[in-house]
Each structure stands twice: as C-alpha cells, then as structure tokens.
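Q: Could you take me through this structure, one part at a time? I am new to it.

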Amino acid sequence: MLALVVTVDSDDADLASDALWTMGVVAIEERSIAGSVELWTSLGDDGDVVMAAASDRLAQWSWRIVEVDETVADTWRAHAVPVFVDPDLVICPAWVAFEPGAGVRVLRIEPGSTFGMGDHPTTMLSMSAIHAAMFEGARVLDVGCGSGVLSVGACVLGASHATAIDISPASIPVTRANAEANAVADRIEVSNAPLADIDGRFDIVVANILAPVLIDLADDVRRVVAAGGVVIISGVLADRHRHVEEALHPLRQTRRRTLDGWAVLTLQ
C-alpha cells in the first residue's frame, strides 16, 4: 500500500492540506517531526499516477511516496459489516461473507483508498434516494463517485448507464473494479473529468459532496439534469442546507431524509 507524505513548515500545513483535499484524498494524518509537519495520505496504489499528481499539485513542498504495511493499515476491515440501505438493498464489504434473504439485492464494495465503503450516513441516504427515484433505463451521473458505490448501485437497480466522475485518481481503478465485481462494468464510465466538461443530460444526478462544493457546482448541476429529472444531494447537515437549496433554485425539494445529523435532498 502506498502512502503520500508531504513535509512542510508548520505555517504551511493548512495550505498543503487544502491542496491535498483538492486532489481528492479522503483522509490526512498530521505528524509533527522536528519542527516540521508531515502530512500522510493516500491517492491510490498506482505509483505513476500518484507521482504525476504530486509533481503537478505539490511542487512547492517536499514530498515522497512510502510503502506501508497493508495489514496494519487495514485493521479496520475486521470490523466492517454489511449495512441495510433499505429492507431490500444491502451494501456489503467485498471480503465479508453475507447471504441475503429472498428479494434482497447486495452491492459488494471494495473501497480501496477511496471514500465510499457505503456505511457513511450520506452514502446510505444517497443510495436510498437513488433507489426511490430509479426507473428502468435511467441515465445517471455520479458527481464525486469515490469507490463508485452509488454508480454501481444505480446500475444494479436498473439504470441503463452511469457516468461517474471524481477528482481522485484512485477512484478510476476502484470504481471499475467494483463495477466488474457487481456485473455492471459495461454500463459504467468513470473518469477524472470535471463536471464542467460533462455533456448531455441525465435522469438522475447524484452529488454526495460537501455543501461548499455543491454550491460551486450548482450551475453545472442544473445544466446536466434532464427535463423532469431529479438531483439528489447529500453531504449536507440535517439542520443547515437551505443555502445549498437556494444555490440550486429553481429546482425544488421533493423529498428529504436524515440520518445521524446528515440529510439527503431530492430536488426536481
């Protein structure tokens, strides 16, 4: 397993962290080392891709790639369990044995170094909202796809095609692998393309990303949703999402659910 380590002066720690977040990392560990700060994170296990991204975005700081013991980094896997999104839909860690009951569909997900095991409240809420909005043959756009769990789930539920995009380089191989594992690889297209470069219109647009990013992307979100289609947004707090809705006007909320302080909104 590859870790990306950026070494900075303490005064630059926030700036370097911001640069890493914009590259699509899902976590950063900060370590104090002899007057400096080391920021430990991951952009996947493709060394060439990680080096290219770091060379482009982190040129002003010292950085290195370190191979870490995967057995230590992955101790959390022993505690991962399937989660029921709806009574007939389960997201299950790919390495966990699980026998569903009759009529229950199972999404088997390997998150790798991306965000998207499926058990975070915003992911569960988003998947449930997709389930409610889905119809056979729908075209789906997944903005900030992470592991591809929402794109894969949409296709398992009946979407004819899903376009998945994310700024993290690790999302591409992980989403492809999860699509293959769930037998929907022929219906999913994944890339690091920005939303501004996406053409066409989609019946369901899902964006499980934080509120400030949703607001920045609002114009393009409205542009890509088909007439009569729906936009599903999560990554917003249950008691603070009015500003995001205002940014997406004239789309209006038609459905709202909350879980553990988070909300998912369906707008049309």
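Q: Which helix does Ser17 lie in?
A: Ser17 belongs to helix H1, residues 13-22. Please note that the model is predicted.

Q: Is Ser17 buried or exposed?
A: Ser17 counts as buried, because its relative accessibility is 10% and the cut-off for buried is under 20%.

Q: What is Ser17 in contact with, leaving aside its neighbours within four places in sequence?
A: Ser17 makes contact with Ile28 and Leu39.

Q: Turning to the largest nonpolar core, how many residues does it have?
A: The largest nonpolar core has 31 residues. Ile91, Met127, Ile130, Met134 and Ile232 are those with the most contacts inside it.

Q: Which elements give two or more residues to this core?
A: Two helices are on the list, H4 (121-133) and H5 (149-156). The strands are S5 (83-86), S6 (89-93), S7 (105-109), S11 (202-208) and S12 (225-237).

Q: And what is Ile130 in contact with, neighbours within four places in sequence aside?
A: Ile130 is in contact with Leu150, Ala154, Leu157, Val206 and Ile232.

Q: What does the second, separate core include?
A: That core has 25 residues, among them Val143, Phe202, Leu214 and Val231.

Q: Which residues make the contact?
A: H4 contributes Thr123, Ser126, Met127 and Ile130, while H5 contributes Val149, Leu150, Gly153 and Ala154. The residues of this contact of H4 with H5 divide into five nonpolar, three polar and no charged.

Q: Which residues of helix H6 are buried?
A: In H6, residues 171-181, the buried ones are Ser171, Ile172, Val174, Thr175, Asn178 and Ala179. Their cover includes S7, H5, strand S9 (161-165) and strand S10 (188-191).

Q: What about the phi of Asp260?
A: Phi of Asp260 is near 50 degrees, a positive value in a residue other than glycine. Asp260 is in the loop between S13 and strand S14 (262-267) and, at 63% relative accessibility, counts as exposed. Most residues other than glycine have a negative phi.

Q: Where is the cis peptide bond that Pro250 takes part in?
A: That bond joins His249 and Pro250, with omega about 15 degrees. Pro250 lies in the loop between helix H9 (242-247) and strand S13 (253-259).

Q: What separates the C-alpha atoms of Val225 and Gly235?
A: They are separated by 19 Å, the two residues being 10 residues apart along the chain.

Terms used. Residues numbered from 1 in each chain as written. Predicted model: local features only at pLDDT ≥ 70, side-chain atom pairs only at ≥ 80, totals over all residues. Heavy atoms only, no water. Core = buried A, V, L, I, M, F, W, Y, C linked by side-chain atoms within 4.5 Å. Buried < 20%, exposed > 50% of the residue type's maximum accessible area, 1.4 Å probe, protein only. Helix = DSSP H or I, 4+ residues; strand = E, 2+ residues; numbered from the N terminus. Contact = heavy atoms within 4.5 Å. Nonpolar A, V, L, I, M, F, W, Y, C, P; charged D, E, K, R; others polar.
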